[in-house]
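Visitor: Please take me through one part of this structure closely. I would like the strands and how they pair, and then the aromatic rings.

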Amino acid sequence: MPHLPLTSFRPPLWGLRPSRGLPRFRPLSTQSEPNGSAISRRNREAKQKRLREKQASLEAGIAPKSKSPAESSKAWTPKERVLYEIPTEHGEKKDVSRPLPPAYSPQYVEAAWYPWWVREGFFKPEYQARLPQATGETFSMCIPPPNVTGSLHIGHALTVAIQDALVRWHRMRGDRVLWVPGSDHAGIATQAVVEKQLWKERGVRRHELSREDFLREVWKWKEEKGGEICEQLRALGASLDWDRECFTMDTVESRPLPGRMELQLPGCPTPVSFGLLFSVAFPVDGEPDAEVVVGTTRPETLPGDVAVAVHPDDSRYTHLHGRQLCHPLTGQLLPLITDCTVQPHLGTGAVKVTPAHSPADAELGARHGLSPRSVIAEDGTMTALCEDWLQGLHRFVAREKILSALRERGLFRGLQNHPMVLPICSRSGDVVEYLLKSQWFVRCREMGERAAKAVESGALDLSPSFHQKNWQHWFSHIGDWCVSRQLWWGHRIPAYLVVEEHAKGETEDSWVVGRTEAEAREVAAELTGRPGAELTLERDPDVLDTWFSSALFPFSALGWPRETPDLARFYPLSLLETGSDLLLFWVGRMVMLGTQLTGQLPFSKVLLHSMVRDRQGRKMSKSLGNVLDPRDIISGMELQVLQDKLRDGNLDPAELAIAASAQRKDFPHGIPECGTDALRFTLCSHGALGGDLHLSVSEVLSFRHFCNKIWNALRFILNALGEEFIPQRAEELSPASRMDAWILSCLARTAQDCERGFLTRELSLVTHALYHFWLHNLCDVYLEAVKPVLSHSPRPLEPPQVLFFCADVGLRLLAPLMPFLAEELWQRLPPRPGGPSAPSICVAPYPSARSLEHWHQPELERRFSRVQESVQVLRALRATYQLTKARPRVLLQSSEPGEQGLFEAFLEPLGILGYCGAVGLLPPGAAAPSGWVQAALSDTSQAYMELQGLVDPQTHLPRLAARRHKLQKQLDGLLAQPPSEGQAETQRQQRLSSLQLELSKLDKAASHLRQLMDDFPSPGSSPSP
């Protein structure tokens, strides 16, 4: 078969098309969901319920210290939608002069920003080269081109979220960044879609049109329908350079069958049974009573048999080596051959050899010099080699006639269930038939050796490193690559048959290769010794494998084979990030073709993320109903619309029923509106370089709540700053209090963690650091602590400055992951000092660890963590005695001078954060006041909280008793359960310990209350027994 020598092949840059225009912007208006007042009431009720549940968890001693959003299970209640209502031309900057809405609304936040980013050119490397923080370094990537026929699912969204976070970080730190968008022409998929459309709308088959007319129909379809992916990428906030958008110009599904199964196939009048093993006897020539029984799952290929093979060491057939067998249908003599690839323990140990219709048999036949017989044509009917009684019949109709003939001749030996894997075409639903055809191949051995050596030497870094084993194994066993596809849509193979040489009846056809027909004609003239003008050339009708075209993408997208400025500046790419499932299909082939055609590796680093699965660990599948369009999570979607989408798809009725049922179970109330930023942050928060990523919509929703936290924090900060606020320079800021110093230290540490995470490309480190800073450091602690300080008169000057830098730096740290929310809020901050600031947070400097290291005080953070532990003890005391509104006084006592000094430095924050009144110090050894309850803070310190006058023991003791009874009942139930194994038993033991600890606390609290009754009896009460 012909092979394509890559050394002489430099194809033109086919199929590149300019970007489609961005959609026109539609002015938005305020819109509320129906029954707004009822929704507000439900929101208040839900909030009160959550507060009660939180209080109960504190009382039970099981309140999480730092519960991650992934573990959260907040119920979804509809939110009022506030939309951006100011008329804004497409590409104009969003108006941020009006006050922020009272609550975070994704549609409000995400409106108008993206077209403005694109119009201003923020995503173009030429713009970034002019930035004040420009480093002179280059960072280039290309997006894995998705099929133009499809739409992005959550797996694609993971790729986009990771890539865009890295791209935005590099852009903000000052690198010259190019991220190239593109889509794949998807040869088989696109041609199938257009063929179906032509038949549905015009009743026309492809072969009724000329090749040129059909391709015009495909291009027309691509321009009209093929832009959905681009819209999805824009919705995800992907900061691609759209002016450089490129276009590269079927998969077989292996369906396992446990046994007999009937399938209705296209063009076949009756259902066909599969998963059966048919036994057929081949009589031994010259021995009337001797036969070899062969098992086959495909009796329709019997006319194409050219031999029967057994293992050379199989003693059952040793006496037959070299003998001839009679074909059961034709009587033709076939050799019985021996081959070590035959597995003697399977079936009878004898297999029929059909080289024209089995890849394995083709290799076996080639080893033994057997000529193939093609008995099934391209249209699925039997050929003339099958004689008149079978010729022209559908292959599976012919199967039944063959079986009937075998029964009549007494050579059918029965059938049995046989588990098998059936190749099904995902486009047509038909069973794939293997046919021998002349194909073009690419020799891969030398290219594969170079690819393997690149990883082995470290020139190409695969991360995570465990993928290196698969890489080396694949390239050490690589064969020639068949790049022919019998399609019209795609890059047509640039090979030409010299008709004159073919007509001479030469043993091998004479083929020439050229980038153009004129170039090919010159080669043909040199080959034949005849003038090129006298020769007739016929171009091969096949097109190149889509993976071949995609493998050219890293350099063809930059202008190759022309020597363009983009190719010189941005190639090789800095990084290739993609899903691990594309390591060999795409990454490996890019490395082979890149080194062969450009002389360089197309990239030096490959980052591979995991597969996305649903929360039950299942692979995303249309037939399971768990494949989600990212836009459905971003904007929210009613259940009925989700169900309608399923029905509009191409699932068969059985799959549709399963998928619809699963959807109703997973999304009984539809999908809540979560927003782009929450989805991106969720996807990046997983350790995507390890095991598979299990994603649930409830997890994304919890990060929407996190967005709302940030939103409310900025509303508070902007209100605290006021309209006359003027920020200081960062180097001029000197924190006046330990709380100010602590939060700035936390901010500096967060910048360090983010920088480390981006440098190592472990984005889960970045998301964890940002979540912890915004929620646990800033919102839960500093903002609460600073509120009373801001009410002091005169108002101190330092806290507003600290608040400004927390917002400014914190939002810039957040911007690569939550670009819309960060832009919306950052644009409303007062202008930064020191000249004109960046027009957008997209191109503002990313905070570096070095620039903030003067704020970092690790010892202060360590000391304050002790204060936070004490706050938790005080809150737990309040919860135990149900001091919901009272602010009890507190005394702290320690025998360690250093600890006593620590408490003294943070007395005011201790009171504020612990929801207590005045907090004072009790000298070491001094007795606690009567009527105060004690709790240990450490081995050397304790806290005393005032109860007298704040708690009524007679009212409270029965409540404690009821709670104790309830918890004791739970404990008894757990103790009655037999021990489990593994994680379940660990969780049971943890719950037992928690209940026992809480019961101990309740007993101690009851004792304190009885003592309080004895010491301070209320009028008319008698002393407790």
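**A sheet, then the rings**

Guide: Leucine 325 stands opposite leucine 334, a residue of β12. That is our way in. A caution comes with it: the model is predicted.

Strand β12 covers residues 333-338. Three bridges join β12 to β11, and the two strands run antiparallel. In general, the strands of a sheet pair through backbone hydrogen bonds, and the pairing is either parallel or antiparallel. Here the sheet is open and has four strands. Their order is β11-β12-β10-β13, and the pairing is mixed. The edges are β11 (324-326) and β13 (350-353), since each pairs on one side only. On average, neighbouring strands of this sheet are turned by 35° against each other, direction ignored.

Now the setting. The chain has 1025 residues, and 50% of them count as buried. There are 33 helices and 31 strands in the chain.

Next, the rings. A search of the whole structure finds 31 aromatic pairs. One of them joins tryptophan 440 and tryptophan 511. This pair is edge-to-face, at 5.1 Å centre to centre with 85° between the planes. It links distant parts of the chain, as the partners are 71 residues apart. Tryptophan 440 sits in the loop between β15 (420-425) and β16 (441-442). Tryptophan 511 belongs to strand β21, residues 511-513. Tryptophan 440 has 3%, so it counts as buried. Tryptophan 511 has 28%, so it counts as partly exposed.

Phenylalanine 703 and phenylalanine 706 form another pair; because the ring centres are 6.3 Å apart and the planes stand at 75°, the pair is edge-to-face. Both residues lie in helix α23, residues 697-721. They are three residues apart, about one turn of the helix. Phenylalanine 703 is buried, at 3% relative accessibility. Phenylalanine 706 is buried too, at 3% relative accessibility.

Ring pairs also build a cluster. Its members are Tyr84, Tyr104, Tyr108 and Trp711.

Some rings have a charged side chain over the face. Arginine 407 lies over phenylalanine 412, at 4.5 Å from the ring centre. Lysine 787 lies over the face of phenylalanine 716, at 5.6 Å from the ring centre.

One more tryptophan deserves a stop. Tryptophan 116 is part of helix α3, which spans residues 113-120. Its relative accessibility is 4%; the cut-off for buried is under 20%, so tryptophan 116 counts as buried. What does tryptophan 116 touch, not counting residues up to four places away in sequence? The contacts are Gly91, Glu92, Lys93, Phe122, Glu823, Gln827, Pro839 and Ser840. Glutamate 89 gives a distance for scale: 27 residues from tryptophan 116 in sequence, and 9.6 Å away in space, C-alpha to C-alpha.

To recap: leucine 325 faces leucine 334 in β12, and β11 is an edge strand of the sheet. Tryptophan 440 and tryptophan 511 pair edge-to-face, and tryptophan 116 is buried in helix α3.

Notes. Residues are numbered from 1 along each chain as its sequence is written. This is a predicted model: local features need pLDDT of at least 70, side-chain atom pairs count only at pLDDT 80 or more; totals for chains, interfaces and linings use all residues. Side-chain values use heavy atoms; hydrogens and water are left out. Buried means under 20% relative accessible area, exposed over 50%, partly exposed in between (1.4 Å probe, protein chains only). Contact means heavy atoms within 4.5 Å. Two strands pair if DSSP finds at least two bridges between them. Axes are lines fitted to C-alpha atoms, for helices over the stretch in contact, and angles run from 0 to 180 degrees between N-to-C directions. Rings of Phe, Tyr and Trp (its six-membered ring) pair if their centres lie within 6.5 Å; planes under 30 degrees apart count as stacked, over 60 as edge-to-face and the rest as tilted. A charge sits over a ring if NZ of Lys or CZ of Arg is within 6 Å of the ring centre and within 35 degrees of the ring normal.
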